Amino acid sequence: MRHFLTLQDFSQEEILQILDLALEIKAQHKSNTQTPYMRNKTLGMIFEKSSTRTRVSFEAGIYQLGGTGIFLSNKDIQLGRGEPMKDTARVISSMLDMVMIRTGEHSRILEFAKYSRVPVINGLTDDFHPVQLLADYMTMIECGIYVQTDSKFCRFYPKSVAKPVVAYIGDGNNMSHSWLNLSAILGFELRIASPKGYEPKDEVVKFAREMAKTSGAKILIGQDIDVAISGANVVTTDTWASMGQENEKKEREEAFKEYCVDSAKMALAQKEAIFLHCLPAYRGQEVSEEVLEGAQSRVFEEAQNRLHAQKGVMVWLARENGEKQQIIKK
């Protein structure tokens with residue numbers, strides 16, 4: 001059973017294939033020629049952590065693919081009353097065609113996937129946010145910033161204007177971990193600047209550096225925001241205090257106060273650089289108002305691409321797991 005739990009589980013060619021499919025599905029959506037790839041399929045959406053973008057994009061996505069989505073919060077299912085994850089997995093997966101989970105500890109989604117009879121998608125855990133990175137790279141592709149490859153899965157790419165040099169500014173959290181994964185697998189330069197004590201986890205960095213030996217990725221991790229941004233063509237950041245870290249808010253605001261991406265910082269990047277943010281954004285903290293709303297920002301195009309990237313993931317998983325005969329084909 002193939003799941004979508006972290007980008008570490010996928011080859012470069014598989015990631016490109018999913019992105020190619022997502023771009024095709026987006027083109028169909030724009031031309032109103034959508035194919036109901038998942039007609040009569042049901043997606044269960046378990047939210048142990050709430051979300052705006054994740055719920056809307058998955059629910060709209062499965063509907064646009066011809067299927068149905070069921071929203072399940074802790075208040076709706078027995079997980080919220082202490083039922084073991086493995087029991088929930090065995091029961092729910094016997095009734096559904098696919099499951100998306102947005103939760104805390106990554107071990108929870110690993111346990112669910114272990115006992116699930118259907119593909120499981122990571123909608124976010126404390127350690128990884130892989131669907132967001134597909135949307136981010138999809139946005140970069142549309143801006144002509146991508147790794148050139150001879151892969152056949154690049155049908156919808158515009159003319160390349162630059163190879164990615166990505167600067168990630170801020171917390172060494174699930175977003176930084178997923179950027180490390182994507183960079184290491186696809187082979188582009190990633191520079192991470194985090195305050196001391198808030199760096200990415202050692203094991204994730206170790207994986208990325210090992211993978212980079214094959215892919216040619218260049219990975220730099222430090223504390224200097226100016227060094228990270230200088231000459232980059234993609235600048236990205238994330239909130240200083242993620243969901244579940246509210247009690248650390250004041251401490252984090254003090255630690256990250258020099259890590260705001262403002263106009264002066266963006267001026268260090270290449271002139272044609274774009275700004276990305278997974279949202280929600282807190283203006284005046286990790287990013288200034290003028291950058292978020294400025295000409296270089298692709299934040300809201302990026303947010304919309306969550307919809308299409310996730311449709312690509314769902315269709316790819318259904319195909320990969322032997323459901324081709326049950327999917328409506330062109």
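The residues are numbered from 1 along each chain as its sequence is written. In this predicted model local features need pLDDT of at least 70 and side-chain atom pairs count only at pLDDT 80 or more, while totals for chains, interfaces and linings use all residues, and side-chain values use heavy atoms, with hydrogens and water left out.

**Exercise 1. Work out which residues of helix H2 are buried and which are exposed, and where they lie around the helix.**

Step 1. Helices (H or I, at least four residues) and strands (E, at least two) are DSSP runs, numbered from the N terminus. Helix H2 covers residues 53-64 and reaches 16 Å from its first C-alpha to its last, where the expected span is 1.5 Å times one less than the number of residues.

Step 2. Buried means under 20% relative accessible area, exposed over 50%, and partly exposed in between, with a 1.4 Å probe and protein chains only. By this rule Thr54, Ser57, Phe58, Gly61 and Ile62 are buried in H2. They lie on the same side of H2, because they cover an arc of only 115° around the axis, the arc being that of the directions from the helix axis to the C-beta atoms.

Step 3. An α-helix has 3.6 residues a turn, so residues three or four places apart point the same way. Val56 and Tyr63, on the other side of H2, are exposed.

**Exercise 2. Find which residues Asp20 is in contact with beyond its neighbours within four places in sequence.**

Step 1. Asp20 is part of helix H1, residues 12-30, and it counts as buried because its relative accessibility is 3%.

Step 2. Contact means heavy atoms within 4.5 Å. With the neighbours within four places in sequence left aside, Asp20 is in contact with Phe153, Cys154, Arg155 and Phe156.
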